[in-house]
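Me: Could you walk me through this one? I would like to begin with the strands and then move on to the helices.

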Amino acid sequence: MPSDAVAIIGLSCRLPQAPDPRSFWDLLRRGASGITDAPADRWSGLDLDGAPSRGGFLDRIDTFDPGFFGISPREAALMDPQQRLMLELAWECLEDAGAVPDRLRATQTSVFVGAIAADYSTVLQRHGLEAITPHTVTGLNRGIIANRVSYTLGLEGPSLTVDAAQSSALVAVHMACESLRSGESDLAIAGGVNLIIAPESTLGLTRFGGLSPDGVSYTFDARANGYVRGEGGGAVLLKKLDRALADGDHIYAVIRGTAVNNDGATNGLTVPSPEAQEKLLRRAHQRAGVEPGEVQYVELHGTGTRVGDPIEARALGAAIGTARPEGSPLLVGSAKTNVGHLEGAAGIVGLLKTVLAIKHRELPASLNFAEPNPDIDFAGLNLRVQTTLGPWPEGTLRAGVSSFGMGGTNAHVVLEEAPAVETAADGEAPELPAVWPLSAKTEGALRDQARQLLNWLSQHPEAAPADIAHSLARSRSLFEHRAVVLPGDRAEALRAVADATPHPSVVTGSAAASGGKLAFLFTGQGSQRVGMGEELYTTFPVFAAAYEEALRHFDPQLREIIASNPDGLLDTTLYTQPALFALETALFRLLEHHGLTPDYLAGHSIGEIAAAHCAGVLSLSDAAKLVAARARLMHSTGEGAMATLQGVEEDVLPHLTDALTIAAVNSADAVVVAGDTDAVHALAAQWKEQGRKAKVLNTRHAFHSAHMNPILDEFRAVAETLTYHEPTIPIISTLTGELADQLTEPAYWARQLREAVRFHGALTTLGDNGVTTYLELGPDATLTTLTRTTHPDAVTAATLIPNRPEAATALGALATTHTHGHPVNWPTRGTPGTHTTLPTYPFQHHTYWLQPRPGVAAAADGALWKAVIQGDEEALAELLTLDPEQRKAMSAVLPALSDWFNSVTTPALATDVSDPDAENDNRCAAPSLRERLAGAPDDEVGQVLLEAVRRYAAQVLGLESAADIDPLLDFLELGLSSFTAMELAARLREDGLELDPVAIYDHPTPAELAEHLHTAL
């Protein structure tokens, strides 16, 4: 295969009766037609003057999900729906290929889009000059269709909309291939869009004589009398074949060669040339390195016109048909018989049909062929229309796709099946648990995504959970609203996500709601248990390797002691501390392997040495020496006791003696004392007599007390033999409760053994430093419980919990951190899973249109709408009769109406501005916001300013209320443009708040802008 061959690695489409490639193939395979009468609300009440009303239509072209793409509702209503459709098609195409859009930002990814229609401009013209806004220019410019994709996704390769009449989309594919071959692009999105919005365009084509009066495309049939219009679009993702193979991409088919030419001078501007078409076909095959006779099928331009069909047949027969063996005619067909002629997007439809046919190794029927066109010599040209669903002829699958423009620009693509690729065997590596992460920009979209996947599972029961996990984890963008489906009953878990109900195998959360830092907490002595880590050892190779490596530095019997606890040895300090250190080190390596990077570490007693090693203060060898010495020496101390008391440190201090000391302050209401056995038991009894909780701990030693004094010199001597480094991860000391700055000093570790554990102080410091998520590394949830006491609003999770399956618990902890803003590299099989084409993002569609969609009562009346725009008083009065839903529909199109509705239906605001959604449209008559805030408390001023920013931002963006403005979201993500930024500044100035529009870009979130205004006040 030539080195400049191009692989098709992703597909998307939105076609009549076929909203995605899977349903398009189903339509083709069934031999079904997507041609229907025009939707009832498309041209309601308009006279088409004899133009055919049948065609291939999409269900709803007035809807869009602007928030997903960072576009305001106000701008969305003024955007050509072809721009909106192409944004969604580009996204779906990338998802289908497993190309994460965020990772393509600032890459040489190009966008080429075929489009010729401008119907939305016609719709705008009906509204007069008053409907023109600063968004009109970008909203209606066809060139922006491709540019909008590049801008939104941050793509830096070539970006242009191609208008070559009906061949535009296939010319776009040709240009994309050329860009890849030249090295100008590394990846290319190519496609086309076409929407039938205004009846005027259909009327024009009718009077031109191009449309079938009975609404049927009779391609190559004797009844050929014109084509049927179709709308929708499609896209393919292209990459050089050698790179696609190297990257392990799923390849649908290969583009071997492309060619474009023009008819030149013919008998008329729109009259095609058979000679030019024949030259095009020969040129395409020459560039492909494929003999024409090797091609088995050609997807025709095939419009079903009396003149065009015979000319196309003559060229095909001369270039390809007669080159094939006798008795083996060239098979031909046209998707226009299924979905209509998509004009500027027709070429991408033909390409998609042929690619799907190659993928499924079946040729679908071309419809409406009953009697051969008498002007086509099928036998002499060696052509045959494919009229039934059937297999491809024998041999390597090869096909061609043609597309011709009415002005003479012709395009042809030569396709071939993808080369066979050997799949690397997984070997003997254990199958990792299949975790399914879902995410979306909104909670509603997250629920819809779960529904989509649940429905997909019912249709693909054979799908391997590991393959689904691989696709979800490696080929999807990560958004704010998240859910993780853990191993278990997947269907029930997905149903729970869809219904927003709890389920033991589901973890949900919002990254935006958390937004804080992450801390790892290493558990101390007392949390040990028999068999801890055994299930993780057999499940996760990374854990097993780290565990083995740590255990090698201790007693050879330690692994067996942990597993079976002979003679209770695991509960003796000599073995407890090394066991905990090895386990916690392996847990850290497991989390590190899966992408979690903590902002801070903290460890309780022995846990602090594990934290120090993981932060790079001590090598594994040196840390193990310190742990072994600590365990041996502490084990050698005399008998003592420890107890936990309910209360604050000040309550305990009066009871301290030489025989009794504070060993730990674990929370604001939990203090541990240690010392002589009699003294500890006596104080615990006294505490209970006072009605407060007290618990004597299961230990024979008095750690962190004067009982440790005899071993300090020897322990310090061991510490002085080690090599220390500055930590690579900040550690909050549980000796001081502050950021550790003495970890490289041997004396610190001697103090850390002897003095009280200030865990509560460390937790307080972590909270003060912005930590909102805490993950405990140890065999129990001891520190998690303490953390919840100190920080009840924090996100907490333990990696292991007694009597719970270890793998599920560890994955649940990962899921908790992931769903609250800390991305995880989810465990997947060692080699890429089988390519799984999962449902693409569930866009949340709502109506955005230049006028309310037909069917919204009085708002649908064109005369009324025009009168409203022109400010006619009688028309405005009529609006007061509309119900809330009708008002909402009109306000979505013209945001100023929202202000007007509020001004006539709600009383003017009083001086109290605490209601964030209150509208103040009588600003000139009432004191300004600045005046009303004079003398108000600082916290009240800040809140009111924030709500004012949110309220005015919602107004200029066309959102329903201030509640739709996330105060922490960037204005650009909310859809603010330079125009609406100036309008926002103007509204704030009208309310007495001086603001330069540039300040909005310097303070890019509502919260930051409100803080700026607060400072200015």
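Reply: Before we start, one term is needed: contact means heavy atoms within 4.5 Å. Please also keep in mind that this is a predicted model.

Me: Okay, which strands does helix α11 lie across?
Reply: Helix α11, which covers residues 308-319, lies across β10 (297-299), β11 (330-333), β13 and β15 (398-404), and its direction is at about 130° to β13.

Me: What order do the strands of the sheet have?
Reply: The sheet is open and has 11 strands, in the order β6-β5-β7-β8-β1-β9-β16-β15-β10-β11-β13, and the pairing is mixed. At the edges are β6 (159-162) and β13 (383-385), each of which pairs on one side only. From one strand to the next, the twist averages 25°.

Me: And which strands does helix α6 lie across?
Reply: Helix α6, residues 144-153, lies across β5 (109-114), β6 and β7 (187-194), and it runs at about 155° to β6.

Me: How many bridges join β1 to β8, and how many join β1 to β9?
Reply: There are 8 bridges between β1 and strand β8 (residues 232-240), which run antiparallel, and Ala-7 stands opposite Lys-239 in β8. Strand β9 (residues 253-262) is joined to β1 by 3 bridges, again with an antiparallel run, and there Val-6 stands opposite Ile-255.

Me: New topic: at what angle do helices α37 and α39 cross?
Reply: The axes of α37 (residues 938-957) and α39 (residues 978-990) cross at roughly 135° and come within 9 Å. The two helices are therefore oblique to each other, and their crossing is right-handed.

Me: Which residues meet there?
Reply: From α37 they are Val-949, Tyr-952, Ala-953, Gln-955, Val-956 and Leu-957, and these meet Thr-980, Glu-983, Leu-984, Arg-987 and Leu-988 in α39. Sorted by class, this contact of α37 with α39 has 7 nonpolar, 2 polar and 2 charged residues.

Methods:
Residues are numbered from 1 along each chain as its sequence is written. This is a predicted model: local features need pLDDT of at least 70, side-chain atom pairs count only at pLDDT 80 or more; totals for chains, interfaces and linings use all residues. Side-chain values use heavy atoms; hydrogens and water are left out. Two strands pair if DSSP finds at least two bridges between them. Helices (H or I, at least four residues) and strands (E, at least two) are DSSP runs, numbered from the N terminus. Axes are lines fitted to C-alpha atoms, for helices over the stretch in contact, and angles run from 0 to 180 degrees between N-to-C directions. Angles under 35 degrees count as roughly parallel, over 145 as roughly antiparallel, 65 to 115 as roughly perpendicular and the rest as oblique. A crossing is left-handed if the near helix is turned anticlockwise from the far one by less than a right angle, and right-handed if clockwise. Ala, Val, Leu, Ile, Met, Phe, Trp, Tyr, Cys and Pro count as nonpolar, Asp, Glu, Lys and Arg as charged, and the others, Gly among them, as polar.
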